[in-house]
Amino acid sequence: MEPLAAKNPSRILLVQSRDRLLPDLPDPLAHRAAHHLRRLGVEVRLGTTVEVLAPDRLALAGETWHGAVVWTAGLVGAPLLCVPAPETVFKQRLAVRDTLQLPDWDNVYAIGDLAAAKVRDRSEYLTGVAPEALQQGVHVARNLQRQRRGAPPQPFAYLDKGRLAVIGGYGAVGKIGPVSLSGFWPWLLWFAVHGWYLPGAAPAIALPARPNATPITPAIGNTNSPTGGGVNFDRLTVTNAPQVLQGFPTNNLQGLFAEVPLRPGQPVAEAALAAYGLTWGQPQSETTPLSEFTSLPGVKILQPEGFENRDLLQLLTDPTLSPLTKQRYYLNSLFWSAFAAREPEITDRLTTETSLWQRVYISRPLNQTLLVYGEVAPTAQYTNRFVNLGLSGVANLQTGQLDGRQSVNNLVGMLLGGVFLAVNPAPLREGLQEARSQQEAGAAFAPLTTQVPPATRRAINQRLNESLFYGDLVSGLEQVSGRLAFSQSLEPNHSSLFQVRAGLHRRVLTLSQRDIPEPTAGPTEIASVRTSLDKFPLTFLGATVPTNLPSHQAEAAQVVATTPDGREFVQELGSPLTTVPVGIQRSILAFDRIELGRVDRQTARLADFRGFASLPSLEAAWNGSSNGFQYAVNSGIWFNVAPNAAGPVADNNRGAIEPSLGAFGSALVNWSYVQVEREGDHVTAVTYNAPILRMAWNSAATPDNNNLVSLAYAFRRQVQGWEFALTPGAALVFDAAESRGIAFVQGNFATFGGLEVNGSIESDRQVFWRLEGTQRLGPQWAVGGYAQNFREIVQGIDTRVGGTAYGLTVKYTLPQSRLGLESQVGIAEDSVEARFRGSLRF
């Protein structure tokens, strides 16, 4: 037992039966509250209960104090003296339904710390604090209205806006949503919230009745009054004039907007901008007229003695000034942001011009061939020199423009074949000299001296033609300007041929040029404007008040401020008038906003080229066959004297990068098997089978110049009266960035009566199909039609774009000639499409 010490007559002891304070708040806030209380001298006992409480003593577990005891503890409900007594639960509070009604009384509600209300969908009770009681009061009022209408009451759902607990010494802890608070700021927030919700916080001042007083002469003045602000200044003093809250500093902008009405579209002189240190795209300098504020923010009184800026005071109170003078003379509360370019609003006016560039050439070919059969052995030797010198250029035939740089590429490639004029193999040179001398002597054609039979020679010739065909099929040249070819061996069932070629290699170019000059600055104009003069005119009622009244008399006045929409704010002033009530009863937050802008213009040139370029190239090719096996391999190099220019593009500064030098290669392997069916001496059917593997590679692969690996299987069967063919296959197309697979099927059906049907289907990024049929009407003419779901383009691997097309096909074969002409006219989407092609049979 320990008595209270005399030198410490009072002690504050906080006893909590739980192991922490404030169970409704997080642990860190509870620890801060306990620490704060201990710093204030409060003894905090956690996990402790009170065993004995008497007026002169207090007993805890193992401790007892004697002396006067002041006891404060949690709330319990006060008992209701009625019969029967209502049911009580937690802390003697009244049991209530979820609607806050008593269980046995539909017309009796309980709220606040008298009601044992629970958190919705949970088992714990509400704590009984004021925010809960406020929401419960509103809910009960609404339920009573519902009951008067005959509707059932609704359950109560508490909206927890947060918890604040004051712990003394200007300190508090609290939690609002996910944010935890502690210290002075939650204490200030608690004070503001309780002051806001405190009933009757607004003071009411009653004016005393003075029947013997001198009548008060009122005077009315406002900014719209024709008598001006002088009325206000004469009738009101510094202590009773309305107060204005100025939110931002002000500047005198007479030099910037001199003689310029403040309305959108009005230009502002560049010299005036420079005088205020305003430059587009540059930060505002620290020492400019804009930094010299002529009025600072704060609470201002509309009297000459209480306003620091006479100009602004005149503008606010003198309606005799003209609108133009008010606008350009002074602007209130300007808030300046950085005078820099924002994200521009771009308006495009695009003029598109499409042009077609074509390659035009003229050449004179020289073709020399020597084929020597063995005298006895069934072999042959083939030698060929081909020179096709000429001139070539790229031009726009619509405008007559010449593409000089790509024309140089064409010309070099056409002249490159001239190197073969210096190469003249001895067998070819000697054979041609012998033939020329016999021709000059007038000798007739000499018979062949070989003993190789004609059928064998025809087989050798067929083998040679197939080798030349496959060699041209895999060639990387679109036009040959020179060639040297000679055979290592030619036999009926075997061939080996080597060729060196010069000419033009075709490559797809995707070039893009963007010439975007600096924009031409337009005049600076007022983009938008809003002034406080137009939005917030000041209006108030003033009254003269005697200031020399006897001490036993009292005087009162009333200042009324009226907004433009008719709302009134009253400020009561009592005698003596030297004291002003605390707080701003009439305030205006007025600020002006002026936005300057300008329209800059620039004319940009955008040029794009996507098409073929014919580049000088050298190529070596080796091809041959053995029985049914065919092969062809070639490789070469090309160079581009103008890799960044083609057509309208003079400088490829935005397109794909093109090299000046590149290499290419391709290969084809084919194995064919022919099966002949006979009945006696007659052939009844022929079946042709051929798997085909093809590869193509280039050192500068792009989406338009892909590498390719394809595998196909060709099947053809001919019977008496008709034939059909089917070729399925797949291909892998790839470049440095991506790869994709392509599947395709091609088919053909023909009859000896002249009907021919061709079809194909291809699955790439989408499915493309084509079907064409023709009927021969005679030896020279055939007509038919076609339908397809794509339109052809002329660039790269991707040679198709989606779009339905259909039309008429007409074919014509020249009499006594291997030449043929084909024309197609049809509808492609919404346009007419025409195509003309020629063919040569050999």
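Author: A residue counts as buried under 20% relative accessible area, as exposed over 50%, and as partly exposed in between. Everything described here comes from a predicted model. The side chains of arginine 765 and glutamate 738 meet in a salt bridge, with 3.1 Å from N to O. Arginine 765 lies in the loop between strand E35 (755-763) and strand E36 (767-776), and glutamate 738 in the loop between E33 and strand E34 (739-751), so the pair ties together parts that are 27 residues apart in sequence.

A second pair joins aspartate 608 to arginine 514, again through a salt bridge, at 3.3 Å from N to O. Here the two residues lie in strands, aspartate 608 in E27 and arginine 514 in E20 (residues 494-515), so the bridge ties together parts that are 94 residues apart in sequence. Aspartate 608 is partly exposed at 48% relative accessibility, and arginine 514 is also partly exposed, with a relative accessible area of 23%.

Arginine 45 and glutamate 43 form a further salt bridge, with 3.8 Å from N to O. Arginine 45 has a relative accessibility of 21% and therefore counts as partly exposed; glutamate 43, at 24%, is partly exposed too. Beyond such pairs, Asp472, Arg501 and Glu619 are linked in a network of salt bridges, and the count for the model comes to 15 salt bridges.

As for the setting, the chain has 842 residues, of which 35% count as buried, and it contains eleven helices and 40 strands. Among contacts with a separation of 6 or more, 60% are between residues 24 or more positions apart. The chain exposes about 49700 Å², and carbon and sulfur atoms supply 58% of that area.

Part of the surface is a nonpolar patch made of Phe629, Val669, Trp671, Tyr673, Leu693, Met695, Val709, Leu711 and Leu732, which together have about 760 Å² of accessible area. Strand E29 (661-671), strand E31 (682-698) and strand E32 (707-719) each give two or more residues to this patch. Leucine 732, one of its members, has its place in strand E33 (residues 722-734) and counts as partly exposed, at 40% relative accessibility.

Leaving aside neighbours within four places in sequence, valine 268 is in contact with Leu256, Phe257, Leu273, Thr524, Glu525, Ile526 and Leu596.

Two loop positions deserve a separate word. Leucine 100, in the loop between strand E6 (94-95) and strand E7 (101-102), has a positive phi near 75° although it is a residue other than glycine, and at 1% relative accessibility it counts as buried. Asparagine 627, in the loop between strand E27 (605-626) and strand E28 (629-639), likewise has a positive phi, near 55°.

Key. Residues numbered from 1 in each chain as written. Predicted model: local features only at pLDDT ≥ 70, side-chain atom pairs only at ≥ 80, totals over all residues. Heavy atoms only, no water. Helix = DSSP H or I, 4+ residues; strand = E, 2+ residues; numbered from the N terminus. Buried < 20%, exposed > 50% of the residue type's maximum accessible area, 1.4 Å probe, protein only. Contact = heavy atoms within 4.5 Å. Areas by Shrake-Rupley, 256 points an atom, 1.4 Å probe, with all protein chains shown as cover. Patch = residues over 30% accessible without salt bridge, like charges linked within 9 Å, V, L, I, M, F, W, Y side chains within 5 Å. Salt bridge = Lys/Arg side-chain N within 4 Å of Asp/Glu carboxyl O.
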